[in-house]
Amino acid sequence: MTKPSLPDLLHAAVSAVGGTERPGQVAMAEAVAEAIDDNSHRLIQAGTGTGKSLGYLVPALAHGERVVVATATLALQRQLVERDLPRTVEALHPQLRRRPQFAMLKGRSNYLCLHRLHEGAPQDEEEGLFDQFEAATPTSKLGKDLLRLRDWADETETGDRDDLTPGVSDKAWAQISVSSRECLGATKCAYGAECFAEAARERAKLADVVVTNHALLAIDAIEGAPVLPQHEVLIVDEAHELVSRVTGVATGELTPGQVNRAVKRSAKLVDEKTADSLQTASETFERVMELALPGRLEEIPEDLGYALMALRDASRNVISAIGNTRDKSVHDEDAVRKQALAAVEGVHAVAERITAGSEYDVVWYERHDRFGATLRVAPLSVSGLLREKLFEDRSVVLTSATLKLGGDFNGVAASMGLAPEGVEGDDAPHWKGLDVGSPFDYPKQGILYVAKHLATPGREGTRGDMMDELAELIEAAGGRTLGLFSSMRGAKAAAEELRGRLDNPILLQGEETLGELIKTFAADPKTCLFGTLSLWQGVDVPGPSCQLVVMDRIPFPRPDDPLMSARQKAVEERGGNGFMAVAATHAALLMAQGAGRLVRATGDKGVVAILDPRLATARYGSFLRATLPDFWYTTDRNQARRSLAAIDATAQAEGK
């Protein structure tokens with residue numbers, strides 16, 4: 001039997017999902033197939049509307065070996081597993097003569113734990129030893145959530161938190177889930193045979209395509225114990241997010257509350273002397289943290305150093321001693337011990353890591369009004385880790401609508417440990433970049449307007465001229481505005497100010513769930529939606545409800561961000577341009593994602609307005625503009641208003 005051709009397979013898949021075949025999608029599918037065949041790596045930028053999911057799924061399914069697809073967002077994971085994969089598998093079946101299996105795999109805490117549900121969570125002493133279901137009053141929000149979870153447990157087939165609608169609070173979910181460290185293990189657990197997390201792993205072992213998230217991919221790479229099944233091909237979608245997700249997984253933290261929980265959970269399981277030494281170390285650490293001021297610790301202060309060494313040594317002794325309990329009356333002793341071990345091991349790992357003082361780590365204090373001080377440690381860079389763990393022994397395809405920064409792939413490639421394109425060395429994985437473009441006609445569909453006449457934004461204070469400009473643009477657009485702000489404080493200030501000046505409803509992130517806000521925004525063209533980081537990337541509203549996207553300023557990282565400033569300094573010490581490599585690259589990525597909210601379909605038209613003159617006047621402005629879609633560019637405020645008014649008039653004439 002002759003092997004079916006890739007164009008024929010792609011055509012069948014696109015027809016099955018009711019899509020339109022696009023040249024960029026064909027080029028992408030061919031590049032993915034080539035990378036798989038010659039065991040090499042590809043960075044592929046595929047603009048919105050390309051149909052990139054099918055662009056990688058079709059060659060992956062045709063390949064026949066196991067493929068792992070890692071995404072950043074829950075929305076894309078669901079789309080792949082519930083829509084794209086079922087349709088594509090059915091469409092390709094007649095030509096492939098097989099139905100590839102697929103499965104979704106997440107971290108253990110995403111699944112309901114039957115042991116926790118039926119046996120209850122081991123309680124800290126001050127909470128008393130009670131059943132959490134009995135303790136939460138049925139009329140309270142927590143009580144209602146827990147009762148609903150108990151009912152759901154009887155009917156769910158997956159135990160996956162994301163299959164529960166509506167969802168429940170994190171506090172309620174924590175009562176019936178466990179981390180991988182707290183898990184008893186399938187062989188020791190009375191419910192091991194029915195375990196939802198184990199069942200998901202078994203399905204993944206049998207699947208041809210495993211859909212997971214960046215965080216689990218990072219855990220798989222960092223912790224050494226494989227979580228994902230063996231695979232020949234890795235496809236990382238939304239790859240612009242990968243470095244920050246891996247950094248998040250590789251970041252450790254210590255708080256007095258966390259240490260105190262470890263003390264309480266382990267106290268009954270070790271002798272008095274061992275328990276007391278951890279209690280004393282905990283109290284010393286708490287006193288140090290009371291005086292902690294936010295900021296980076298380039299050297300560990302002496303008092304903190306002593307406190308951490310005491311915590312490290314005391315927690316190590318507890319871990320060694322925890323094998324024999326002092327109190328055999330403890331209910332469900334295995335679970336109690338496992339939870340205590342998990343808490344103490346978490347404290348030990350971070351205390352040991354900081355006291356080891358690696359030059360590749362950044363340590364800093366954070367202070368929160370409500371939760372007090374936190375001690376954090378994060379890797380200065382994850383590029384070496386990614387180069388070593390990601391690109392060995394498999395073919396890797398990284399794809400996103402935003403991978404070219406300032407006109408090339410080298411910035412993103414460097415953050416993942418890759419040499420510049422075309423440079424080959426002994427330890428430098430070979431890769432190629434491909435920009436398959438976008439089906440949209442950006443110069444005709446959108447305008448990039450930079451408010452060059454405004455004052456340069458400062459660190460503090462309200463920007464009266466910016467508020468006036470924003471109000472005038474919204475009025476010209478007739479609402480229809482997505483406001484992207486670099487801080488929550490900026491978003492709140494703008495919402496408060498403009499609610500008093502405009503008749504248009506203004507929604508603010510945090511006042512309702514994100515899903516509800518986006519639904520309301522999409523339903524009413526007169527409405528505006530203001531918010532911060534998750535809106536820069538998470539909004540997909542095609543049509544007339546989003547015809548103006550405003551960014552209040554270039555989203556550089558805060559100058560006092562300990563990790564970003566440390567990374568910038570490290571580049572400078574190696575003779576590079578730290579500002580361009582770190583701050584400008586960070587801003588470019590966010591701006592490209594933000595600008596991508598405007599044109600989501602072939603009929604969309606509108607304006608992206610940047611209320612920061614530096615995009616037009618600063619030397620780095622051209623680098624940032626080269627990262628944005630190729631919109632028609634202007635600094636003429638009157639032109640921007642006329643265009644918005646014309647787009648609004650057209651939409652109203654069409655009854656939208």
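Analyst: In this predicted model, helices α11 and α16 pack at an angle of about 100°, with their axes 11 Å apart.

User: Which class of orientation does that give for α11 and α16?

Analyst: Angles from 65 to 115 degrees count as roughly perpendicular, so α11 and α16 are roughly perpendicular to each other.

User: And which residues meet there, in α11 and in α16?

Analyst: Leu-242, Val-243 and Val-246 on the α11 side meet Leu-385, Leu-386 and Leu-390 on the α16 side. By class, the contact of α11 with α16 has six nonpolar residues, with no polar and no charged ones.

User: What is the class make-up of the contact of α1 with α4?

Analyst: On the α1 side the residues are Asp-8, Leu-9, Ala-12, Ala-13 and Ala-16, and they meet Arg-87, Thr-88, Ala-91, Leu-92, Gln-95 and Leu-96 in α4. By class, the contact of α1 with α4 has seven nonpolar, two polar and two charged residues.

User: And how does α1 sit against α3?

Analyst: The axes of α1 and α3 (residues 52-63) come within 10 Å and cross at roughly 125°, so these two helices are oblique to each other, and α1 passes α3 in a right-handed crossing. The contact is made by Leu-6, Leu-9, Leu-10, Ala-13 and Val-14 of α1 with Leu-54, Val-58, Pro-59 and Ala-62 of α3. By class, the contact of α1 with α3 has nine nonpolar residues, no polar ones and no charged ones.

User: Switching to loops, where is Val-436 found, and what is it in contact with?

Analyst: Val-436 is found in the loop between β11 (431-435) and α18 (442-445), and at 15% relative accessibility it counts as buried. Leaving aside neighbours within four places in sequence, Val-436 is in contact with Gly-24, Ala-27, Met-28, Ile-44, Gln-45, Ala-46 and Thr-50. The C-alpha atoms of Val-436 and Ala-401, which are 35 residues apart along the chain, are separated by 9.8 Å.

User: Is Glu-182 buried or exposed?

Analyst: Glu-182 counts as buried because its relative accessibility is 18%, and the cut-off for buried is under 20%. Glu-182 is found in the loop between α8 (170-174) and α9 (196-206). Not counting residues up to four places away in sequence, Glu-182 touches Arg-116, Arg-265, Lys-338, Gln-339 and Ala-342.

User: What about backbone geometry, say the peptide bond that joins Thr-165 and Pro-166?

Analyst: A cis peptide bond joins Thr-165 and Pro-166, with omega about -10°, and Pro-166 lies in the loop between α7 (141-155) and α8. For context, most residues other than glycine have a negative phi, and most peptide bonds are trans.

User: Then what is phi for Glu-238 and for Arg-480?

Analyst: Glu-238 has a positive phi near 55° although it is a residue other than glycine; Glu-238 is found in the loop between β5 and α11 and is buried, with a relative accessible area of 14%. Arg-480 has a positive phi of about 50° and is not a glycine either; Arg-480 is found in the loop between α19 (464-477) and β13 (481-484), where it is buried, with a relative accessible area of 3%.

User: Last topic: how many disulfides are there?

Analyst: The count comes to zero disulfides, with the cut-off for a pair of cysteine sulfur atoms being within 2.5 Å.

Key:
Residues are numbered from 1 along each chain as its sequence is written. This is a predicted model: local features need pLDDT of at least 70, side-chain atom pairs count only at pLDDT 80 or more; totals for chains, interfaces and linings use all residues. Side-chain values use heavy atoms; hydrogens and water are left out. Contact means heavy atoms within 4.5 Å. Helices (H or I, at least four residues) and strands (E, at least two) are DSSP runs, numbered from the N terminus. Ala, Val, Leu, Ile, Met, Phe, Trp, Tyr, Cys and Pro count as nonpolar, Asp, Glu, Lys and Arg as charged, and the others, Gly among them, as polar. Buried means under 20% relative accessible area, exposed over 50%, partly exposed in between (1.4 Å probe, protein chains only). Axes are lines fitted to C-alpha atoms, for helices over the stretch in contact, and angles run from 0 to 180 degrees between N-to-C directions. Angles under 35 degrees count as roughly parallel, over 145 as roughly antiparallel, 65 to 115 as roughly perpendicular and the rest as oblique. A crossing is left-handed if the near helix is turned anticlockwise from the far one by less than a right angle, and right-handed if clockwise.
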